[in-house]
Amino acid sequence: MKQRRVVVTGIGVVTPIGTGRERFWTNLLEGQCGIRTVQSFDTSAYNVHRGAEVHDFEIENYLSNLDAAHLGRASQFAIAAARLALADANVEIASLDPERAGVSMGTTSGEPREVERFDDLFIAKKLERVGPEFLALYPSHVIAAHIARELRFAGVNIMIPTACAAGNYAIAHAFDVLRAGRAELMLAGGSDSFSRITYTGFAQLGAIAPEVCQPFDRHRKGMIPGEGAGVLVLEPLASATRRGARIYAEVSGYGLSCDAHHMTAAHPNGDGAVRAMEQALAQSSITPQDINYISAHGTGTATNDRLETLAVKRLFGDAAYRVPMSSIKSMLGHTMGAASAIEAAVCALAVYHDRIPPTINLREPDPECDLDYVPNCAREHTVRVAMNNAYAFGGNNASLILKKAQTI
Amino acid sequence: MRNRVVITGAGVVSSLGDSSAGLQFSLCSGRRAIRPVELFNTAGLGCPLGGEIPAFDAQKYLGRRNLRPLDRTSRLVTSAAQLALNDSGWSESMRNQEEIGLVLGTMFCSVHTISQFDRRALEVGPAYASPMDFSNTVINAAAGQTAIMHNLRGINSTISTGITSGLQAIAYATEVIRSGRARAVLAGGADELCFESFYGFDRAGLLCHSDERTGDFPIPFDKRRNGFALGEGAALLMLEDAKFARERGARTLAEITGHGCGYDCSQGEDEEEAVEAIGLSIRRALNDAFIEPHEIDCLSASANGSYAGDRHEAKGVFAGLNGQTRKLPVTAIKSMLGETLGASGPMQAIALLETIRDGVLPGIKCLEEIEDDFALEMIGPENREIDVEAALINSAGFDGHCCSLVLARMP
């Protein structure tokens, strides 16, 4: 039996540089930066103060069934991105079979603000103010559940909290579900809200940059925590074609691996990253020479950018120097579990529009980071095949490949 | 053509034993793990009871390894993983040759670790929060720590779907092997007992409370049930491609022949929708296994003593099996273990492996008065001797997730 082909027909994003596909894509190609002084909480006790928060967000625009008061921030982002993606795909929700419509989402922290509230009240000795809402709002699976409840999707419903690579994991899973015929339409992506816990942790790791995020630059000083959500509408090529849907790209394969080396540091030879890319290429039946764009994990930390470059060079050889590889985290910061989902959306858009977003703030190249990072200006470039790389705590590596639907 | 998936070993760390046989023995002896919690102070909470693992010490399973970076959940998972690797014959040197995967289901991983990290930063300043603890605040921390300790370099994924997390992880791993992406994957789940999650369940009014009629315990499917007890533990199965397992000469315990899932959009508020979602999940699992309802020889139910949940499950099973439930032997081991969340589905699977082997299905402790309209008759406090070719495991959360799995005896 021939495997079903799976395509991206809708894109919904909530990001620090804009909500909705069109606004986001325009701002991204212009190299706009969403990094500001943190407003979610008081950072005076920290030695860093910058973050990439979402400011222009009105959840009321996206809710028909649920009450915003009963939704954590990551769930709100996720629902908004899901609604935007369905609208972008021109899908009539009423036309779907609810049992064949599913949700697969990733996250790093779930709804950390709910546990932060718990902790504030615990310390203030007012824990009695925490009621039944804690269980209803906090556990990470509520993000996928809330999307399904709002849209009345009764099919596959899964949360894959594999930290900063979670979006790729969730999209990969939706791809498998559709190929196996277990659903007719999947919403897949990732969501995370700005979190005091996350900020504290990265600050303590010395990983947060004081001012700007400048991936691959010689003077890069770290990452910038962010927030947001990205959701894709995935459906079988046959049904997308039948309903005359706009097809951004086809998902052709993925690779997942584990370093089994260190919780927060990548393998020194990039072993796991190479294995994930190899699997993704093999499943897509292509070679490194076929890749026209790499969306880098590109956090802006000294180690990540060096090792990621090394891994690509190990696998691609000389071809590495001919593949544009940019990091949109230079503009959005690191949106955690949403990051690779938003980056997958960027790959789909790059494939569709033949345009590549830049790595901004890249002024002085690092001798160890000597690839083409599309510095500072977006580029017109034929993108038949794009690869989306993401790496996470726990040594999790995930590579996803998207390509023009009619090619290969 | 999809690859067949077999179980070649199991590892369990539970309040009723740390081996499959030990767990089954406890369940069949009617032992109960539910007693006053000692891990944290339960003063002011409605329910002081839990299924805690007494004096849990990971060193017993992991020897002289450095356990300092691991929180309780990670210790539970690394221990269960060690047991499962031993049981399935994956020595350290063999693990260097094969990229073994790990798919872990967990509802919270460790909300205790997360909360402690945050409270320390609040109380003494962010500069005193530990970077090592931070790496344990991600929900995939236990899966990452386990991969590091046991050198598991294959696919590494964490699944969170509430109570069904662990069974969903097994279903996910089954697909990974069926599609040829991996040949050997450890799959299962874990959750720890901790103040923060316990408080959440207590405040949600889901935990059991003792009264004159029930005694101190949760009684699944009984008219007197008034909630569940929280438990804890870790349970992992070694899943392998059947051909690969045969070639390496592995012992096989059972085959996973089907899985299915559903989602109740009313999140338990509408009985009809809740029942339909469970029915759908079961029908999908049976279809996936290419079997008919009458071919199911027993059911391990998700029922944990929750008032609405048990009712939805009894009716959902009736719907999913096309009304063929009166002759179906049913057990509900959460009556004895409590609700172990992410570990619960995999623990049901491990107990069923023993039932397939020894032909004994544990009774449901204290079950006396089943509800009149549940259409379950082969159910009660006594163990049952049965011959199992195919068994159904059901897992259903209090807030909408459903997952079902079919296990078959090896021919």
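**Exercise 1.** How many residues does the contact take from chain A and from chain B?

*Solution.* This is a predicted model, in which local features need pLDDT of at least 70 and side-chain atom pairs count only at pLDDT 80 or more, whereas totals for chains, interfaces and linings use all residues. Residues are numbered from 1 along each chain as its sequence is written, and chains are lettered from A and ligands numbered from 1 in the order in which they are written. With two residues in contact if their C-beta atoms, placed from the backbone, lie within 7 Å, the contact takes 56 residues from chain A and 58 residues from chain B. By class, the chain A side that touches chain B has 31 nonpolar, 18 polar and 7 charged residues; here Ala, Val, Leu, Ile, Met, Phe, Trp, Tyr, Cys and Pro count as nonpolar, Asp, Glu, Lys and Arg as charged, and the others, Gly among them, as polar.

**Exercise 2.** Describe the contact between the domains of chain B.

*Solution.* The domain assignment (bounds from an automatic or database assignment) gives domain 1 (5–254) and domain 2 (258–408) of chain B. Their C-alpha centres lie 21 Å apart, and the contact takes 62 residues from domain 1 of chain B and 60 residues from domain 2 of chain B. Among the elements that give two or more residues to the domain 1 side is helix 8 (165–178) of chain B, where helices (H or I, at least four residues) and strands (E, at least two) are DSSP runs, numbered from the N terminus. Helix 8 of chain B gives the most to that side, with 7 residues. By class, the side of domain 1 of chain B that touches domain 2 of chain B has 32 nonpolar, 22 polar and 8 charged residues.
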